[in-house]
Amino acid sequence: CQNNDLTSLDVSNNTALIYLDCAGNQLTNLDVTNNIAVFNLQCNYNDLTSLDVSNNTALVLLYCHYNQLTSLDVRNGNNDSVIDFNTINNPNLTCIDVDNAAWSTAHWTFANGNIDLQHYFSNNCSGTSVEEHTTNKELFKVTDLLGRETKETNQPLFYIYDDGTVEKRIVIE
């Protein structure tokens, strides 16, 4: 059903659905919570504001790029089976809920062109206005804008920690 002018799509009764390509429509909502067998979900180029694939434990491909996402929940207990993941061009999306933030940061990165620079991973994006910061996190690696590990300064750098947090820094010497 891709590349139509659909404004709504109800697949809630299609519990055996394994492949859904509804890209290139005008969808603002997509409920796939009953589609637990879906392994390939392509809902890119729509107007979705939130997407919850936490029930989709068979998922191996997720294309949700070019939407208006502000919320994305991928905590399905099987993130390490996802071999293709793309969320680029969702300018209002910052935090992505995942099973393991460190694993997702290492495998689904902006260096691969799969996520935007403002996206980061967490196992709990709901948060409040007060965030808890731990002081026992360890620096995992430092990368430049292209995702290459570096020790240079005087340029924007990303400090990636073992707890999945990422800090953007410019160190001027």
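**Exercise 1.** In this predicted model, locate Ser-54 relative to the strands of the chain, and determine which side chain it meets in a polar contact.

*Solution.* Begin with the secondary structure, where Ser-54 falls in the loop that runs between strand S3 (50–52) and strand S4 (61–63). Next, examine its side chain, which forms a polar contact of 2.6 Å with the side chain of Asp-52, a distance to be read against the cut-off of 3.5 Å for pairs of N or O atoms. Finally, set aside the neighbours within four places in sequence, and the contacts of Ser-54 are then with Asp-73, Arg-75 and Asn-76.

**Exercise 2.** Compare the radius of gyration with that of a compact globule, and then characterise the extent, burial and charge of the chain.

*Solution.* For 173 residues the globule rule leads one to expect a value near 16 Å, and the chain has 17 Å, which agrees. Along the principal axes, the C-alpha trace spans about 60 × 30 × 30 Å. Turning to burial, 39% of the 173 residues count as buried, while the accessible surface comes to about 9400 Å², with 47% of it belonging to carbon and sulfur atoms. Lastly, there are 7 positive and 22 negative charges, and their mean positions lie 12 Å apart.

Terms used
Residues are numbered from 1 along each chain as its sequence is written. This is a predicted model: local features need pLDDT of at least 70, side-chain atom pairs count only at pLDDT 80 or more; totals for chains, interfaces and linings use all residues. Side-chain values use heavy atoms; hydrogens and water are left out. The radius of gyration is taken over C-alpha atoms; the globule rule is 2.2 Å times the number of residues to the power 0.38. Buried means under 20% relative accessible area, exposed over 50%, partly exposed in between (1.4 Å probe, protein chains only). Accessible areas come from the Shrake-Rupley method with a 1.4 Å probe; for residues, only the protein chains shown count as cover. Lys and Arg count as positive and Asp and Glu as negative; His and the chain ends are not counted. The place of a charge is taken as NZ of Lys, CZ of Arg, CG of Asp or CD of Glu. Helices (H or I, at least four residues) and strands (E, at least two) are DSSP runs, numbered from the N terminus. A polar contact is a pair of N or O atoms within 3.5 Å; within protein, one must be able to donate a hydrogen and the other to accept it, and residues adjacent in sequence count only if both atoms are side-chain atoms. Contact means heavy atoms within 4.5 Å.
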